[in-house]
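Biologist: Could you walk me through this model, please? I am new to it and would like to take it one question at a time.

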Amino acid sequence: MSGRLEALRRLVGQEIGVSDWMTVDQARIDLFSRATDAHQWIHDDQERAATGPFGTTIAHGYLTLSLLPALTRSIELPVDRPRLTVNYGLDRVRFPAPLPAGGRIRGRVRLEEVVPVAGGIQIVREVEVELEGGAKPVMVARTVTRLLD
């Protein structure tokens, strides 16, 4: 574990990867609305949303948050794999800009903290989800993950 810990500590403050682009279409937004019972016209009513503040429907912020595993799956840490990786939680989540239906997003991941914990290592990553062509990210989150041996 100490080799993994030291290797990760050298990466603190650095971007460790960028995901592939993912399209968030209206069908995905509708599925999320149904799955979470979070119906609101800004997400579900294309006709009404066209005359609203964003000119189209937008994804729920929590839908964007729920896509973090898919967005970060391809971003491997440059160390040997632990026996188990668990999501430990979030320190902070913000949604600075809307994600319009049909928008393409990708995640940029920066390693923020690395600390030993019982049975492994805890890492904190800042994930910035950017919208293709957008001026601001649609989400910025600090994720807490435990790498357990």
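**A ring pair, a charge and a pocket**

Modeller: Let us begin with Phe95, which counts as partly exposed because its relative accessibility is 36%; buried means under 20% relative accessible area, exposed over 50% and partly exposed in between (1.4 Å probe, protein chains only). This is a predicted model, where local features need pLDDT of at least 70 and side-chain atom pairs 80 or more, while totals for chains, interfaces and linings use all residues. Residues are numbered from 1 along each chain as its sequence is written, and side-chain values use heavy atoms, leaving out hydrogens and water.

Biologist: Which kind of aromatic pair do Tyr62 and Phe95 form?

Modeller: Rings of Phe, Tyr and Trp (its six-membered ring) pair if their centres lie within 6.5 Å; planes under 30 degrees apart are stacked, over 60 edge-to-face, and the rest tilted. By this rule there is one aromatic pair. Tyr62 and Phe95 are 6.2 Å apart centre to centre with 90° between the planes, so the pair is edge-to-face.

Biologist: Is Tyr62 buried or exposed?

Modeller: Tyr62 sits in helix 5 (residues 61-66), 33 residues from Phe95 in the loop between strand 3 (84-94) and strand 4 (103-117); helices (H or I, at least four residues) and strands (E, at least two) are DSSP runs, numbered from the N terminus. Because its relative accessibility is 60%, Tyr62 counts as exposed.

Biologist: Which residue has its charged end over the ring of Tyr88?

Modeller: A charge sits over a ring if NZ of Lys or CZ of Arg is within 6 Å of the ring centre and within 35 degrees of the ring normal. Here the charged end lies 3.7 Å from the centre of the Tyr88 ring, and it belongs to Arg146.

Biologist: Is Gln122 buried or exposed?

Modeller: Gln122 lies in strand 5 (residues 120-131). Leaving aside residues up to four places away in sequence, Gln122 touches several others, including Tyr88 and Arg146, where contact means heavy atoms within 4.5 Å. Since its relative accessibility is 14%, Gln122 counts as buried.

Biologist: What volume does the largest pocket have?

Modeller: On a 1 Å grid over the protein atoms alone, a pocket is an open set of points where a 1.4 Å probe fits, with protein on both sides within 12 Å along at least five of seven lines; lining residues have an atom within 4 Å of a point. The lining counts 24 residues, with Arg125 and Thr145 among those nearest the centre. The volume, meaning the space filled by probe spheres set on the points, is about 620 Å³.
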